[in-house]
Amino acid sequence: MGKAKKKFYVVWIGAKPGIYDSWEACKSQVSAFPDAKFKAFDTIEEARFAYKKNFKDFYQPKQSGNIVHKKWMNQTEIIKDSLAVDAACGGNPGTMEYRGIDLLTGQIAFHQGPFAQATNNIGEFLAIVHALAFLQKKGETNRAIYSDSKTAISWVKLKNAKTKLEKTRENEAVFELIDRAVQWLKTNSWDNPVLKWETEKWGEIPADFGRK
């Protein structure tokens with residue numbers, strides 16, 4: 001895998017507005033600052049240009065959840081600057097976990113679980129929302145997210161997990177995560193396209209747990 005591209009982070013509203021050359025430096029300025037406004041750029045020139053402008057010029061209207069910009073439609077090749085997410089569940093319901101893989105580096109971006117008495121669809125849904133929040137926090141609003149689950153993608157578009165799983169004492173933690181994910185979708189905007197991984201063309205999604 002190729003080396004991850006260096007990013008430059010513009011902080012318009014934060015503890016100390018400015019341009020930062022690492023996510024850690026940017027994070028220290030925005031993580032505890034209410035309504036911080038920041039974004040990542042590929043070059044220092046882009047960052048300098050953006051910093052002189054109003055942040056509103058770089059924040060797009062809230063995504064409807066059912067429209068993908070035309071530049072992302074009919075993709076025939078894998079977009080390397082992306083995250084791939086997947087879940088695994090031993091039974092239905094059963095013990096579930098999910099994770100995200102950075103396709104640029106091949107490294108695990110996040111891994112959650114195991115969670116008791118859940119389903120694969122729930123895991124796939126939580127993985128997509130986790131990826132959206134993860135990329136938003138890093139200011140990487142242009143990176144795509146791949147999932148091989150049509151069901152999970154549709155739930156994200158609906159901003160609601162349409163699971164038929166019954167809530168029990170064993171899976172209370174899972175339902176808390178679902179509630180948090182739905183709340184995040186309803187109260188946040190995002191630009192990252194959520195795309196269907198074409199398994200027949202490209203093979204198993206890189207985040208697959210290999211348990212089939």
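**Exercise 1. The largest nonpolar core**

Which residues have the most contacts inside the largest nonpolar core, and how many residues does this core have? Determine also which elements supply the core.

*Solution.* The model is a predicted one: local features need pLDDT of at least 70, side-chain atom pairs count only at pLDDT 80 or more, and totals for chains, interfaces and linings use all residues. Residues are numbered from 1 along each chain as its sequence is written, and side-chain values use heavy atoms, with hydrogens and water left out.

Step 1. A nonpolar core is a set of buried Ala, Val, Leu, Ile, Met, Phe, Trp, Tyr and Cys residues joined through side-chain atoms within 4.5 Å. Buried means under 20% relative accessible area, exposed over 50%, and partly exposed in between, with a 1.4 Å probe and protein chains only. Helices (H or I, at least four residues) and strands (E, at least two) are DSSP runs numbered from the N terminus.

Step 2. The largest core has 35 residues, and Phe125, Leu126 and Leu132 have the most contacts inside it.

Step 3. Two or more residues come from each of strand S4 (82-91), strand S5 (94-102), strand S6 (108-118), helix H3 (120-138), H4 and helix H5 (172-187). The greatest contribution is that of H3, with 10 residues.

Step 4. Another core, of 11 residues, lies apart from this one; Ala84, Ile101, Leu103 and Tyr146 are among its members.

Step 5. For Leu132, contact means heavy atoms within 4.5 Å. When neighbours within four places in sequence are left aside, Leu132 touches Ile145, Val156, Trp184, Leu185, Trp190, Asn192 and Val194.

**Exercise 2. The buried side of helix H1**

Identify the buried residues of H1 and state what covers them.

*Solution.* Step 1. Trp23, Cys26, Gln29 and Val30 are the buried residues of H1.

Step 1. These residues lie on the same side of H1, because they cover an arc of only 125° around the axis; the arc is that of the directions from the helix axis to the C-beta atoms.

Step 2. Their cover includes S1, strand S2 (18-20), strand S3 (37-41) and H3.

**Exercise 3. An aromatic pair**

Why is the pair of Tyr9 and Trp23 classed as it is?

*Solution.* Step 1. Rings of Phe, Tyr and Trp (its six-membered ring) pair if their centres lie within 6.5 Å; planes under 30 degrees apart count as stacked, over 60 as edge-to-face and the rest as tilted. By this rule there are 10 aromatic pairs.

Step 1. The ring centres of Tyr9 and Trp23 are 5.8 Å apart and the planes stand at 50°, so this pair is tilted.

Step 2. The pair links distant parts of the chain, 14 residues apart: Tyr9 belongs to strand S1 (residues 8-13) and Trp23 to helix H1 (residues 23-30).

Step 3. Tyr9 is buried, with 4% relative accessibility, and Trp23 is buried at 16%. Together with Phe38, Tyr9 and Trp23 form one aromatic cluster.

**Exercise 4. Charges over rings**

Which ring does the charged end of Lys6 sit over, and which does Arg99 lie over?

*Solution.* Step 1. A charge sits over a ring if NZ of Lys or CZ of Arg is within 6 Å of the ring centre and within 35 degrees of the ring normal.

Step 1. Lys6 has its charged end over the ring of Phe8, 5.5 Å from the centre. Arg99 lies over the face of Phe209, at 4.4 Å from the ring centre.
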